[in-house]
Amino acid sequence: MSAESLAARLPGRRRREGERGLGALLRLGAVWVILAALAASTIYPLLFLAATALRPQADYAADPAGLPGALTLDNISGAFEQAHIGTYALNSLLVVVPAVLLVTAIATLAAYALVHFELPLRRVALALVVFLMAIPPTILLIPIFKVILDAGLLNDRLGLILVYTALMAPFGIYLLASFMRSVPKELLLAAQIDGAGPLRTLRSVVIPLVGPALMALLTLNFLFLWNELLFSLVILQAEEERTIMVGIASAQGQYSKNLGVVAAGLLLSMIPPLLIFAFFQRSLARGLTAGAVK
Amino acid sequence: MSKAREMTVPGELAAAGGKPAGRLRRRLGGYALPLLFLLPAAAILGWLMVYPLVDAVRLSLSSWDGFSSPQWIGLENFQGLLDDKRFKDAVLHNLIILAAMPVWIAVPYAIAWTLYAKVWGWRFFRFAFFIPVVLSPVVIGIYYGIVLKPDGPFNQLLGVLGLGALERPWLNEPGLALPIVIAIMIWATFGIGTMLFLSALASLDTEQIDAARIDGASALQVQRHVIFWQLLPVIEFWAVLILILSFTAFFPLIYTLTAGGPGFATYTVDFDLYVEAFRTGALGYASAIGVAMLALMAAIGAALIALLRWRQA
(Lines give C-alpha, C1' and ligand atoms only; values in the text may rest on other atoms or scores of the structure.)
Protein backbone atom coordinates (compact mmCIF):
# COMPACT_ATOMS: atom_id res chain seq x y z
CA MET A 1 0.00 0.00 0.00
CA SER A 2 0.91 3.63 -0.03
CA ALA A 3 2.48 3.39 3.40
CA GLU A 4 5.24 1.27 1.91
CA SER A 5 6.32 3.88 -0.59
CA LEU A 6 5.75 6.66 1.87
CA ALA A 7 7.77 5.01 4.57
CA ALA A 8 10.62 5.45 2.14
CA ARG A 9 10.30 9.19 2.58
CA LEU A 10 11.00 9.13 6.27
CA PRO A 11 13.78 11.39 7.44
CA GLY A 12 17.18 9.85 7.68
CA ARG A 13 16.85 7.78 4.55
CA ARG A 14 18.25 8.87 1.25
CA ARG A 15 16.12 7.68 -1.60
CA ARG A 16 17.99 6.10 -4.42
CA GLU A 17 16.96 7.39 -7.84
CA GLY A 18 16.13 3.89 -9.00
CA GLU A 19 13.26 3.69 -6.56
CA ARG A 20 11.50 6.55 -8.18
CA GLY A 21 10.27 4.63 -11.17
CA LEU A 22 7.07 5.09 -13.08
CA GLY A 23 5.30 2.71 -10.68
CA ALA A 24 6.08 4.85 -7.66
CA LEU A 25 4.91 7.97 -9.45
CA LEU A 26 1.66 6.33 -10.48
CA ARG A 27 1.10 5.20 -6.92
CA LEU A 28 1.69 8.71 -5.64
CA GLY A 29 -0.74 10.01 -8.26
CA ALA A 30 -3.40 7.53 -7.20
CA VAL A 31 -2.96 8.49 -3.55
CA TRP A 32 -3.27 12.14 -4.48
CA VAL A 33 -6.48 11.58 -6.45
CA ILE A 34 -8.01 9.79 -3.44
CA LEU A 35 -7.02 12.63 -1.12
CA ALA A 36 -8.42 15.21 -3.52
CA ALA A 37 -11.74 13.35 -3.81
CA LEU A 38 -11.98 13.13 -0.04
CA ALA A 39 -11.22 16.83 0.33
CA ALA A 40 -13.89 17.60 -2.27
CA SER A 41 -16.40 15.63 -0.19
CA THR A 42 -15.61 17.66 2.93
CA ILE A 43 -15.72 21.04 1.21
CA TYR A 44 -18.72 20.37 -0.99
CA PRO A 45 -21.25 20.64 1.89
CA LEU A 46 -20.27 24.26 2.44
CA LEU A 47 -20.59 25.12 -1.26
CA PHE A 48 -23.78 23.13 -1.75
CA LEU A 49 -25.53 24.61 1.27
CA ALA A 50 -24.45 28.13 0.33
CA ALA A 51 -25.70 27.65 -3.24
CA THR A 52 -29.00 26.07 -2.14
CA ALA A 53 -29.62 28.78 0.43
CA LEU A 54 -29.13 31.51 -2.15
CA ARG A 55 -31.37 30.21 -4.97
CA PRO A 56 -35.16 29.95 -5.36
CA GLN A 57 -36.73 26.52 -4.74
CA ALA A 58 -37.77 26.07 -8.40
CA ASP A 59 -34.22 26.77 -9.57
CA TYR A 60 -32.88 24.17 -7.12
CA ALA A 61 -35.43 21.54 -8.18
CA ALA A 62 -34.43 21.95 -11.81
CA ASP A 63 -30.74 21.26 -11.21
CA PRO A 64 -29.92 20.36 -7.56
CA ALA A 65 -26.20 19.78 -8.00
CA GLY A 66 -25.60 22.56 -10.51
CA LEU A 67 -24.78 26.21 -10.10
CA PRO A 68 -27.64 28.58 -9.24
CA GLY A 69 -29.45 30.05 -12.24
CA ALA A 70 -31.00 32.79 -10.14
CA LEU A 71 -30.10 34.31 -6.78
CA THR A 72 -32.37 35.31 -3.91
CA LEU A 73 -32.11 36.28 -0.26
CA ASP A 74 -35.64 35.04 0.48
CA ASN A 75 -34.40 31.83 2.07
CA ILE A 76 -32.10 33.66 4.45
CA SER A 77 -34.85 36.02 5.54
CA GLY A 78 -37.23 33.06 5.68
CA ALA A 79 -34.85 31.27 8.04
CA PHE A 80 -34.96 34.28 10.36
CA GLU A 81 -38.62 35.24 10.06
CA GLN A 82 -40.43 31.91 9.69
CA ALA A 83 -37.96 29.39 11.10
CA HIS A 84 -36.79 31.71 13.95
CA ILE A 85 -33.14 30.79 13.45
CA GLY A 86 -32.03 34.01 15.15
CA THR A 87 -34.02 33.20 18.29
CA TYR A 88 -32.63 29.66 18.38
CA ALA A 89 -29.07 30.94 17.94
CA LEU A 90 -29.58 33.38 20.81
CA ASN A 91 -31.06 30.59 22.96
CA SER A 92 -27.98 28.48 22.25
CA LEU A 93 -25.63 31.30 23.19
CA LEU A 94 -27.55 31.90 26.43
CA VAL A 95 -26.89 28.28 27.40
CA VAL A 96 -23.53 27.52 25.85
CA VAL A 97 -21.56 30.61 26.87
CA PRO A 98 -22.40 30.39 30.61
CA ALA A 99 -21.80 26.62 30.55
CA VAL A 100 -18.40 26.98 28.87
CA LEU A 101 -17.29 29.64 31.35
CA LEU A 102 -18.60 27.67 34.31
CA VAL A 103 -16.84 24.45 33.25
CA THR A 104 -13.58 26.29 32.76
CA ALA A 105 -13.81 27.97 36.16
CA ILE A 106 -14.66 24.90 38.22
CA ALA A 107 -12.25 22.67 36.27
CA THR A 108 -9.39 25.14 36.80
CA LEU A 109 -10.00 25.28 40.55
CA ALA A 110 -10.42 21.51 40.85
CA ALA A 111 -7.34 20.68 38.76
CA TYR A 112 -5.28 23.18 40.78
CA ALA A 113 -6.42 21.62 44.04
CA LEU A 114 -5.74 18.09 42.81
CA VAL A 115 -2.34 18.72 41.25
CA HIS A 116 -0.65 21.26 43.51
CA PHE A 117 -1.81 20.29 46.98
CA GLU A 118 -1.00 17.11 48.83
CA LEU A 119 -4.63 16.27 49.46
CA PRO A 120 -5.42 12.84 50.83
CA LEU A 121 -7.09 10.57 48.25
CA ARG A 122 -6.14 12.85 45.42
CA ARG A 123 -5.08 9.90 43.29
CA VAL A 124 -8.49 8.36 43.89
CA ALA A 125 -10.14 11.63 42.91
CA LEU A 126 -8.15 11.85 39.69
CA ALA A 127 -8.98 8.22 38.88
CA LEU A 128 -12.65 9.03 39.47
CA VAL A 129 -12.38 11.91 37.01
CA VAL A 130 -10.96 9.59 34.34
CA PHE A 131 -13.69 7.05 35.10
CA LEU A 132 -16.42 9.68 34.71
CA MET A 133 -14.84 10.79 31.45
CA ALA A 134 -15.36 7.30 30.05
CA ILE A 135 -19.05 7.14 31.03
CA PRO A 136 -21.12 7.69 27.88
CA PRO A 137 -23.56 10.56 28.55
CA THR A 138 -26.40 8.65 26.88
CA ILE A 139 -26.51 6.27 29.84
CA LEU A 140 -27.06 9.21 32.18
CA LEU A 141 -29.80 10.75 30.02
CA ILE A 142 -32.76 9.43 31.98
CA PRO A 143 -31.45 9.76 35.55
CA ILE A 144 -30.20 13.28 34.72
CA PHE A 145 -33.63 14.08 33.26
CA LYS A 146 -35.12 12.89 36.55
CA VAL A 147 -32.75 14.98 38.67
CA ILE A 148 -33.57 18.07 36.61
CA LEU A 149 -37.29 17.29 36.71
CA ASP A 150 -37.24 16.84 40.50
CA ALA A 151 -35.30 20.08 40.93
CA GLY A 152 -37.95 21.95 38.93
CA LEU A 153 -35.37 22.93 36.30
CA LEU A 154 -37.02 21.29 33.28
CA ASN A 155 -37.50 23.83 30.48
CA ASP A 156 -35.20 26.16 32.39
CA ARG A 157 -31.94 27.27 30.76
CA LEU A 158 -30.19 26.99 34.11
CA GLY A 159 -30.99 23.26 34.09
CA LEU A 160 -29.25 22.69 30.76
CA ILE A 161 -26.34 24.94 31.75
CA LEU A 162 -25.72 22.84 34.86
CA VAL A 163 -26.07 19.56 32.95
CA TYR A 164 -23.61 20.70 30.28
CA THR A 165 -21.22 21.89 32.97
CA ALA A 166 -21.31 18.50 34.71
CA LEU A 167 -20.92 16.52 31.48
CA MET A 168 -17.89 18.52 30.31
CA ALA A 169 -16.22 18.92 33.72
CA PRO A 170 -14.37 15.55 33.88
CA PHE A 171 -12.58 16.17 30.58
CA GLY A 172 -11.82 19.75 31.64
CA ILE A 173 -10.29 18.66 34.93
CA TYR A 174 -8.32 15.91 33.22
CA LEU A 175 -6.97 18.21 30.52
CA LEU A 176 -6.01 21.02 32.89
CA ALA A 177 -4.52 18.62 35.45
CA SER A 178 -2.27 17.08 32.81
CA PHE A 179 -1.05 20.54 31.79
CA MET A 180 -0.67 21.80 35.37
CA ARG A 181 1.53 18.86 36.23
CA SER A 182 4.20 20.34 33.98
CA VAL A 183 4.26 23.66 35.84
CA PRO A 184 7.64 23.60 37.60
CA LYS A 185 7.39 23.24 41.38
CA GLU A 186 10.20 25.76 41.73
CA LEU A 187 7.99 28.51 40.33
CA LEU A 188 5.26 27.72 42.83
CA LEU A 189 7.76 27.65 45.63
CA ALA A 190 9.17 30.99 44.53
CA ALA A 191 5.71 32.52 44.53
CA GLN A 192 5.10 31.06 47.98
CA ILE A 193 8.33 32.50 49.33
CA ASP A 194 7.43 35.87 47.85
CA GLY A 195 4.32 35.70 50.02
CA ALA A 196 1.71 34.85 47.42
CA GLY A 197 -1.27 32.91 48.72
CA PRO A 198 -2.74 29.97 46.82
CA LEU A 199 -5.25 32.09 44.89
CA ARG A 200 -2.63 34.64 43.94
CA THR A 201 -0.30 31.84 42.84
CA LEU A 202 -3.08 30.37 40.73
CA ARG A 203 -3.81 33.68 39.06
CA SER A 204 -0.29 34.95 38.52
CA VAL A 205 1.72 31.77 38.01
CA VAL A 206 -0.40 28.76 37.09
CA ILE A 207 -3.05 30.25 34.82
CA PRO A 208 -0.60 32.11 32.56
CA LEU A 209 1.40 28.91 32.17
CA VAL A 210 -1.59 26.75 31.25
CA GLY A 211 -3.11 29.43 29.00
CA PRO A 212 -2.95 27.26 25.87
CA ALA A 213 -4.82 24.46 27.66
CA LEU A 214 -7.49 26.90 28.82
CA MET A 215 -7.88 28.15 25.25
CA ALA A 216 -8.19 24.57 24.01
CA LEU A 217 -10.81 23.83 26.62
CA LEU A 218 -12.87 26.93 25.84
CA THR A 219 -12.92 26.34 22.09
CA LEU A 220 -13.53 22.60 22.31
CA ASN A 221 -16.36 22.95 24.81
CA PHE A 222 -18.01 25.74 22.86
CA LEU A 223 -17.88 23.70 19.69
CA PHE A 224 -19.17 20.56 21.34
CA LEU A 225 -22.01 22.21 23.24
CA TRP A 226 -23.12 24.39 20.32
CA ASN A 227 -23.42 21.20 18.25
CA GLU A 228 -25.08 19.11 20.98
CA LEU A 229 -28.57 17.70 20.38
CA LEU A 230 -29.66 14.96 22.81
CA PHE A 231 -29.66 16.70 26.19
CA SER A 232 -30.93 19.95 24.73
CA LEU A 233 -33.84 18.08 23.14
CA VAL A 234 -34.78 16.46 26.42
CA ILE A 235 -34.22 19.29 28.89
CA LEU A 236 -35.42 22.34 26.94
CA GLN A 237 -38.65 21.06 25.41
CA ALA A 238 -40.52 24.36 25.29
CA GLU A 239 -40.47 25.79 21.79
CA GLU A 240 -39.45 29.29 22.80
CA GLU A 241 -36.28 28.00 24.48
CA ARG A 242 -35.14 25.61 21.77
CA THR A 243 -31.45 25.68 21.03
CA ILE A 244 -30.18 25.94 17.48
CA MET A 245 -29.60 22.25 16.77
CA VAL A 246 -33.03 21.28 18.09
CA GLY A 247 -34.48 24.19 16.11
CA ILE A 248 -33.00 23.19 12.77
CA ALA A 249 -33.74 19.51 13.37
CA SER A 250 -37.42 20.37 13.76
CA ALA A 251 -37.36 22.89 10.89
CA GLN A 252 -36.11 20.06 8.67
CA GLY A 253 -39.51 18.36 8.82
CA GLN A 254 -41.48 21.59 8.69
CA TYR A 255 -39.79 22.97 5.58
CA SER A 256 -39.25 19.73 3.66
CA LYS A 257 -40.86 21.41 0.64
CA ASN A 258 -38.60 24.42 0.90
CA LEU A 259 -35.04 23.17 1.10
CA GLY A 260 -33.68 26.68 0.60
CA VAL A 261 -34.83 27.66 4.09
CA VAL A 262 -33.38 24.47 5.58
CA ALA A 263 -30.07 25.07 3.81
CA ALA A 264 -30.03 28.68 5.02
CA GLY A 265 -30.62 27.49 8.59
CA LEU A 266 -27.83 24.92 8.35
CA LEU A 267 -25.46 27.45 6.87
CA LEU A 268 -26.15 30.02 9.59
CA SER A 269 -25.77 27.38 12.33
CA MET A 270 -22.32 26.49 10.94
CA ILE A 271 -20.92 30.00 11.18
CA PRO A 272 -19.75 29.92 14.84
CA PRO A 273 -18.07 26.48 14.58
CA LEU A 274 -16.36 27.40 11.31
CA LEU A 275 -15.15 30.72 12.74
CA ILE A 276 -13.71 28.91 15.75
CA PHE A 277 -12.07 26.40 13.46
CA ALA A 278 -10.58 29.13 11.31
CA PHE A 279 -9.14 31.13 14.19
CA PHE A 280 -8.38 28.51 16.84
CA GLN A 281 -7.28 25.54 14.77
CA ARG A 282 -4.21 25.00 16.94
CA SER A 283 -6.14 25.18 20.20
CA LEU A 284 -8.65 22.64 18.94
CA ALA A 285 -5.93 20.27 17.82
CA ARG A 286 -4.12 20.63 21.15
CA GLY A 287 -7.28 19.84 23.10
CA LEU A 288 -8.20 16.83 21.00
CA THR A 289 -4.75 15.25 21.03
CA ALA A 290 -4.01 15.96 24.70
CA GLY A 291 -5.54 12.68 25.79
CA ALA A 292 -3.70 10.51 23.32
CA VAL A 293 -0.17 11.83 23.12
CA LYS A 294 1.48 12.39 26.42
CA MET B 1 -0.48 30.97 60.52
CA SER B 2 1.67 32.58 57.91
CA LYS B 3 0.45 32.78 54.37
CA ALA B 4 3.34 30.77 53.13
CA ARG B 5 2.35 27.87 55.35
CA GLU B 6 -1.16 27.67 54.03
CA MET B 7 -0.01 26.13 50.84
CA THR B 8 1.34 22.65 51.22
CA VAL B 9 2.76 22.40 47.71
CA PRO B 10 5.99 20.76 48.69
CA GLY B 11 4.78 18.54 51.51
CA GLU B 12 8.15 18.74 53.23
CA LEU B 13 7.83 22.46 53.75
CA ALA B 14 4.54 22.22 55.60
CA ALA B 15 5.72 19.24 57.59
CA ALA B 16 8.98 20.92 58.51
CA GLY B 17 8.23 22.52 61.87
CA GLY B 18 6.04 22.25 64.95
CA LYS B 19 4.93 19.52 67.27
CA PRO B 20 2.86 16.65 65.82
CA ALA B 21 -0.42 18.10 67.08
CA GLY B 22 0.33 21.55 65.74
CA ARG B 23 1.42 20.06 62.45
CA LEU B 24 -1.85 18.18 62.15
CA ARG B 25 -3.87 21.30 62.83
CA ARG B 26 -1.82 23.22 60.32
CA ARG B 27 -2.33 20.41 57.83
CA LEU B 28 -6.07 20.54 58.24
CA GLY B 29 -5.95 24.29 57.95
CA GLY B 30 -3.86 23.86 54.82
CA TYR B 31 -6.43 21.52 53.35
CA ALA B 32 -9.33 23.90 53.85
CA LEU B 33 -8.54 26.07 50.86
CA PRO B 34 -7.84 23.33 48.29
CA LEU B 35 -10.93 21.51 49.47
CA LEU B 36 -12.87 24.70 48.88
CA PHE B 37 -11.43 24.81 45.34
CA LEU B 38 -12.57 21.26 44.82
CA LEU B 39 -16.05 21.84 46.17
CA PRO B 40 -17.87 23.26 43.10
CA ALA B 41 -16.64 20.47 40.85
CA ALA B 42 -17.37 17.80 43.44
CA ALA B 43 -20.84 19.17 44.08
CA ILE B 44 -21.92 19.35 40.46
CA LEU B 45 -20.32 16.04 39.51
CA GLY B 46 -21.86 14.34 42.51
CA TRP B 47 -25.28 15.78 41.77
CA LEU B 48 -25.37 15.39 37.99
CA MET B 49 -23.04 12.47 37.27
CA VAL B 50 -22.27 10.17 40.20
CA TYR B 51 -25.77 10.13 41.67
CA PRO B 52 -27.42 9.68 38.21
CA LEU B 53 -25.02 6.81 37.51
CA VAL B 54 -26.26 5.01 40.61
CA ASP B 55 -29.83 6.07 39.95
CA ALA B 56 -29.61 4.64 36.41
CA VAL B 57 -29.35 1.17 37.95
CA ARG B 58 -32.29 1.80 40.30
CA LEU B 59 -34.44 3.16 37.46
CA SER B 60 -33.54 0.19 35.27
CA LEU B 61 -35.17 -1.99 37.93
CA SER B 62 -38.28 0.19 38.01
CA SER B 63 -41.29 1.02 35.95
CA TRP B 64 -41.48 4.78 35.40
CA ASP B 65 -43.60 6.88 33.05
CA GLY B 66 -42.06 10.24 33.93
CA PHE B 67 -45.13 11.47 35.85
CA SER B 68 -45.81 9.24 38.85
CA SER B 69 -42.98 7.99 41.02
CA PRO B 70 -40.96 4.97 39.85
CA GLN B 71 -42.25 1.53 40.90
CA TRP B 72 -39.75 -1.24 41.74
CA ILE B 73 -40.30 -4.20 39.42
CA GLY B 74 -37.05 -6.11 39.80
CA LEU B 75 -35.54 -7.61 36.66
CA GLU B 76 -38.69 -7.35 34.57
CA ASN B 77 -37.21 -4.71 32.25
CA PHE B 78 -34.18 -6.85 31.53
CA GLN B 79 -36.39 -9.86 30.80
CA GLY B 80 -38.31 -7.59 28.46
CA LEU B 81 -35.09 -6.68 26.65
CA LEU B 82 -34.43 -10.32 25.87
CA ASP B 83 -37.75 -10.58 24.00
CA ASP B 84 -37.53 -7.14 22.38
CA LYS B 85 -36.78 -7.66 18.71
CA ARG B 86 -36.21 -3.96 18.10
CA PHE B 87 -33.65 -3.77 20.91
CA LYS B 88 -31.89 -6.91 19.73
CA ASP B 89 -31.79 -5.53 16.19
CA ALA B 90 -30.34 -2.29 17.54
CA VAL B 91 -27.60 -4.24 19.35
CA LEU B 92 -26.91 -6.16 16.16
CA HIS B 93 -26.63 -2.87 14.26
CA ASN B 94 -24.15 -1.57 16.84
CA LEU B 95 -22.09 -4.73 16.44
CA ILE B 96 -22.12 -4.24 12.66
CA ILE B 97 -20.94 -0.67 13.23
CA LEU B 98 -18.12 -1.99 15.42
CA ALA B 99 -17.17 -4.47 12.71
CA ALA B 100 -16.28 -1.44 10.60
CA MET B 101 -13.59 -0.53 13.14
CA PRO B 102 -10.65 -1.78 11.04
CA VAL B 103 -11.69 0.61 8.25
CA TRP B 104 -12.36 3.33 10.82
CA ILE B 105 -8.74 2.94 12.02
CA ALA B 106 -7.05 2.24 8.68
CA VAL B 107 -8.47 5.25 6.82
CA PRO B 108 -7.08 7.95 9.14
CA TYR B 109 -3.87 5.93 9.64
CA ALA B 110 -3.20 5.83 5.90
CA ILE B 111 -4.17 9.47 5.44
CA ALA B 112 -1.92 10.58 8.29
CA TRP B 113 0.99 8.86 6.54
CA THR B 114 0.35 10.67 3.27
CA LEU B 115 0.17 14.01 5.08
CA TYR B 116 3.28 13.17 7.10
CA ALA B 117 5.08 12.44 3.85
CA LYS B 118 4.05 15.95 2.80
CA VAL B 119 2.26 15.10 -0.43
CA TRP B 120 1.67 18.13 -2.59
CA GLY B 121 -1.00 20.28 -0.91
CA TRP B 122 -0.86 18.51 2.46
CA ARG B 123 -1.59 21.65 4.45
CA PHE B 124 -4.78 22.18 2.48
CA PHE B 125 -5.79 18.54 2.92
CA ARG B 126 -5.15 18.71 6.65
CA PHE B 127 -7.47 21.71 6.83
CA ALA B 128 -10.17 20.21 4.59
CA PHE B 129 -10.28 16.86 6.38
CA PHE B 130 -11.04 18.55 9.67
CA ILE B 131 -14.14 20.40 8.45
CA PRO B 132 -16.62 17.56 9.17
CA VAL B 133 -15.27 17.32 12.73
CA VAL B 134 -16.40 20.84 13.58
CA LEU B 135 -19.85 20.39 12.05
CA SER B 136 -22.73 19.19 14.20
CA PRO B 137 -23.96 15.67 13.44
CA VAL B 138 -27.33 17.39 13.11
CA VAL B 139 -26.01 19.45 10.20
CA ILE B 140 -24.31 16.40 8.68
CA GLY B 141 -27.48 14.31 8.99
CA ILE B 142 -29.73 16.91 7.36
CA TYR B 143 -27.15 17.62 4.65
CA TYR B 144 -26.83 13.98 3.63
CA GLY B 145 -30.60 13.60 3.85
CA ILE B 146 -30.92 16.30 1.18
CA VAL B 147 -28.02 15.07 -0.95
CA LEU B 148 -29.20 11.45 -0.99
CA LYS B 149 -32.88 12.18 -1.75
CA PRO B 150 -34.18 10.22 -4.76
CA ASP B 151 -34.32 13.44 -6.81
CA GLY B 152 -31.30 14.94 -5.06
CA PRO B 153 -27.86 15.99 -6.25
CA PHE B 154 -26.13 12.63 -5.72
CA ASN B 155 -28.43 10.72 -8.07
CA GLN B 156 -28.23 13.62 -10.49
CA LEU B 157 -24.45 13.43 -10.41
CA LEU B 158 -24.53 9.69 -11.11
CA GLY B 159 -26.76 10.38 -14.12
CA VAL B 160 -24.36 13.00 -15.45
CA LEU B 161 -21.43 10.59 -15.06
CA GLY B 162 -23.30 7.98 -17.09
CA LEU B 163 -23.85 5.82 -14.02
CA GLY B 164 -27.63 6.28 -14.11
CA ALA B 165 -28.08 2.55 -13.52
CA LEU B 166 -26.81 3.06 -9.96
CA GLU B 167 -29.43 5.70 -9.10
CA ARG B 168 -31.67 4.62 -6.26
CA PRO B 169 -33.47 5.94 -3.18
CA TRP B 170 -30.31 5.38 -1.11
CA LEU B 171 -31.71 5.79 2.36
CA ASN B 172 -34.91 3.86 1.68
CA GLU B 173 -33.26 0.55 0.92
CA PRO B 174 -33.09 -1.59 4.09
CA GLY B 175 -29.81 -3.25 3.11
CA LEU B 176 -28.11 0.00 2.14
CA ALA B 177 -29.24 2.46 4.80
CA LEU B 178 -27.06 1.13 7.64
CA PRO B 179 -23.84 0.89 5.58
CA ILE B 180 -24.48 4.45 4.35
CA VAL B 181 -24.97 5.70 7.90
CA ILE B 182 -21.72 3.99 8.96
CA ALA B 183 -19.86 5.48 5.99
CA ILE B 184 -21.15 8.94 6.90
CA MET B 185 -20.05 8.48 10.52
CA ILE B 186 -16.55 7.44 9.42
CA TRP B 187 -16.49 10.42 7.09
CA ALA B 188 -17.55 12.70 9.93
CA THR B 189 -14.83 11.50 12.33
CA PHE B 190 -11.79 10.49 10.26
CA GLY B 191 -10.41 13.99 10.74
CA ILE B 192 -9.98 13.33 14.48
CA GLY B 193 -8.14 10.07 13.84
CA THR B 194 -5.95 11.65 11.19
CA MET B 195 -4.94 14.38 13.59
CA LEU B 196 -4.18 11.91 16.39
CA PHE B 197 -1.98 9.79 14.13
CA LEU B 198 -0.34 12.83 12.61
CA SER B 199 0.71 14.20 15.98
CA ALA B 200 1.97 10.73 16.96
CA LEU B 201 4.01 10.47 13.75
CA ALA B 202 5.59 13.83 14.50
CA SER B 203 7.08 12.34 17.65
CA LEU B 204 8.28 9.04 16.17
CA ASP B 205 11.60 7.77 17.46
CA THR B 206 13.58 8.10 14.23
CA GLU B 207 16.78 6.67 15.71
CA GLN B 208 15.09 3.32 16.19
CA ILE B 209 13.84 3.44 12.63
CA ASP B 210 17.30 4.28 11.29
CA ALA B 211 18.80 1.48 13.33
CA ALA B 212 16.34 -0.98 11.83
CA ARG B 213 17.19 0.22 8.34
CA ILE B 214 20.89 -0.07 8.89
CA ASP B 215 20.25 -3.63 10.01
CA GLY B 216 18.76 -4.19 6.58
CA ALA B 217 15.01 -4.09 7.31
CA SER B 218 12.80 -3.35 4.32
CA ALA B 219 10.36 -0.45 4.40
CA LEU B 220 7.50 -2.86 5.06
CA GLN B 221 9.40 -4.57 7.87
CA VAL B 222 10.19 -1.23 9.48
CA GLN B 223 6.52 -0.30 9.21
CA ARG B 224 5.37 -3.57 10.77
CA HIS B 225 7.99 -4.21 13.43
CA VAL B 226 9.10 -0.75 14.50
CA ILE B 227 6.62 1.98 13.62
CA PHE B 228 3.48 -0.02 14.40
CA TRP B 229 4.63 -0.64 17.96
CA GLN B 230 5.51 2.98 18.47
CA LEU B 231 2.04 4.01 17.33
CA LEU B 232 0.18 1.31 19.24
CA PRO B 233 -0.81 3.52 22.21
CA VAL B 234 -2.44 5.99 19.83
CA ILE B 235 -4.14 3.21 17.87
CA GLU B 236 -5.45 1.90 21.17
CA PHE B 237 -6.71 5.34 22.20
CA TRP B 238 -8.46 5.81 18.84
CA ALA B 239 -9.99 2.33 19.04
CA VAL B 240 -11.47 3.07 22.46
CA LEU B 241 -12.74 6.41 21.19
CA ILE B 242 -14.39 4.63 18.26
CA LEU B 243 -16.02 2.20 20.68
CA ILE B 244 -17.51 5.10 22.64
CA LEU B 245 -18.52 6.95 19.46
CA SER B 246 -20.13 3.83 18.00
CA PHE B 247 -22.48 3.49 20.95
CA THR B 248 -23.21 7.12 21.70
CA ALA B 249 -22.54 9.37 18.70
CA PHE B 250 -25.09 7.96 16.29
CA PHE B 251 -28.20 9.41 17.92
CA PRO B 252 -28.14 12.90 16.35
CA LEU B 253 -27.22 11.45 12.95
CA ILE B 254 -30.01 8.85 12.99
CA TYR B 255 -32.46 11.40 14.41
CA THR B 256 -31.97 13.76 11.48
CA LEU B 257 -31.04 11.36 8.66
CA THR B 258 -33.17 8.21 8.80
CA ALA B 259 -35.25 8.39 12.01
CA GLY B 260 -34.28 4.76 12.48
CA GLY B 261 -35.74 3.70 9.15
CA PRO B 262 -36.49 2.35 6.69
CA GLY B 263 -38.54 0.23 9.07
CA PHE B 264 -36.12 -0.27 11.94
CA ALA B 265 -33.09 -0.85 9.72
CA THR B 266 -30.96 1.91 11.26
CA TYR B 267 -32.05 1.70 14.90
CA THR B 268 -28.98 1.91 17.12
CA VAL B 269 -29.01 1.31 20.87
CA ASP B 270 -28.76 5.01 21.77
CA PHE B 271 -31.57 5.88 19.34
CA ASP B 272 -33.72 3.05 20.73
CA LEU B 273 -33.09 4.37 24.26
CA TYR B 274 -34.32 7.84 23.28
CA VAL B 275 -37.41 6.49 21.52
CA GLU B 276 -38.39 4.20 24.40
CA ALA B 277 -37.92 7.00 26.91
CA PHE B 278 -39.37 10.04 25.20
CA ARG B 279 -41.73 8.69 22.54
CA THR B 280 -43.08 5.57 24.26
CA GLY B 281 -42.75 7.05 27.74
CA ALA B 282 -41.12 3.93 29.19
CA LEU B 283 -38.33 5.64 31.10
CA GLY B 284 -37.58 2.70 33.39
CA TYR B 285 -37.29 0.37 30.42
CA ALA B 286 -35.06 2.88 28.63
CA SER B 287 -32.81 2.97 31.70
CA ALA B 288 -32.46 -0.80 31.41
CA ILE B 289 -31.35 -0.26 27.80
CA GLY B 290 -28.74 2.19 29.08
CA VAL B 291 -27.43 -0.19 31.72
CA ALA B 292 -27.31 -3.06 29.22
CA MET B 293 -25.44 -0.76 26.83
CA LEU B 294 -22.87 0.16 29.49
CA ALA B 295 -22.30 -3.52 30.32
CA LEU B 296 -21.90 -4.35 26.63
CA MET B 297 -19.46 -1.48 26.10
CA ALA B 298 -17.39 -2.44 29.13
CA ALA B 299 -17.16 -6.05 27.93
CA ILE B 300 -16.23 -5.06 24.38
CA GLY B 301 -13.76 -2.47 25.64
CA ALA B 302 -11.99 -5.02 27.83
CA ALA B 303 -11.86 -7.49 24.93
CA LEU B 304 -10.54 -4.80 22.62
CA ILE B 305 -7.72 -3.78 24.95
CA ALA B 306 -6.84 -7.43 25.54
CA LEU B 307 -6.74 -8.03 21.79
CA LEU B 308 -4.54 -5.01 21.09
CA ARG B 309 -2.11 -5.90 23.88
CA TRP B 310 -2.15 -9.61 23.24
CA ARG B 311 0.85 -9.62 20.90
CA GLN B 312 2.72 -7.17 23.03
CA ALA B 313 3.04 -9.54 25.98
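Predicted model: local features only at pLDDT ≥ 70, side-chain atom pairs only at ≥ 80, totals over all residues.
Figure 1. M215(A) is partly exposed, its relative accessible area being 31%; buried means under 20%, exposed over 50%, and partly exposed in between, with a 1.4 Å probe and protein chains only. Together with I271(A), L275(A), F279(A) and F280(A), M215(A) makes a nonpolar surface patch of about 470 Å². Patch residues have over 30% relative accessible area and no salt bridge, like charges being joined within 9 Å and nonpolar side chains (Val, Leu, Ile, Met, Phe, Trp, Tyr) within 5 Å. Accessible areas come from the Shrake-Rupley method with a 1.4 Å probe, and for residues only the protein chains shown count as cover. Helix α14 (residues 259–279) of chain A gives the most to this patch, with 3 residues. Residues are numbered from 1 along each chain as its sequence is written, and chains are lettered from A and ligands numbered from 1 in the order in which they are written. Local features need pLDDT of at least 70, side-chain atom pairs count only at pLDDT 80 or more, and totals for chains, interfaces and linings use all residues, while side-chain values use heavy atoms, without hydrogens and water.

Figure 2. K146(A) and D150(A) form a salt bridge, with their closest N and O atoms 3.0 Å apart; the term denotes a side-chain nitrogen of Lys or Arg within 4 Å of a carboxyl oxygen of Asp or Glu. K146(A) is buried, at 10% relative accessible area, whereas D150(A) is exposed, at 54%.

Figure 3. R309(B) pairs with E236(B) in a salt bridge whose closest N and O atoms are 2.7 Å apart. R309(B) is partly exposed, with 44% relative accessible area, and E236(B) is buried, with 11%.

**Figure 4. Further salt bridges in chain B.** The side chains of R168(B) and E173(B) meet in a salt bridge of 3.9 Å, N to O. R86(B), D272(B) and E276(B) are linked in a network of salt bridges.

How values were computed
Helix = DSSP H or I, 4+ residues; strand = E, 2+ residues; numbered from the N terminus.
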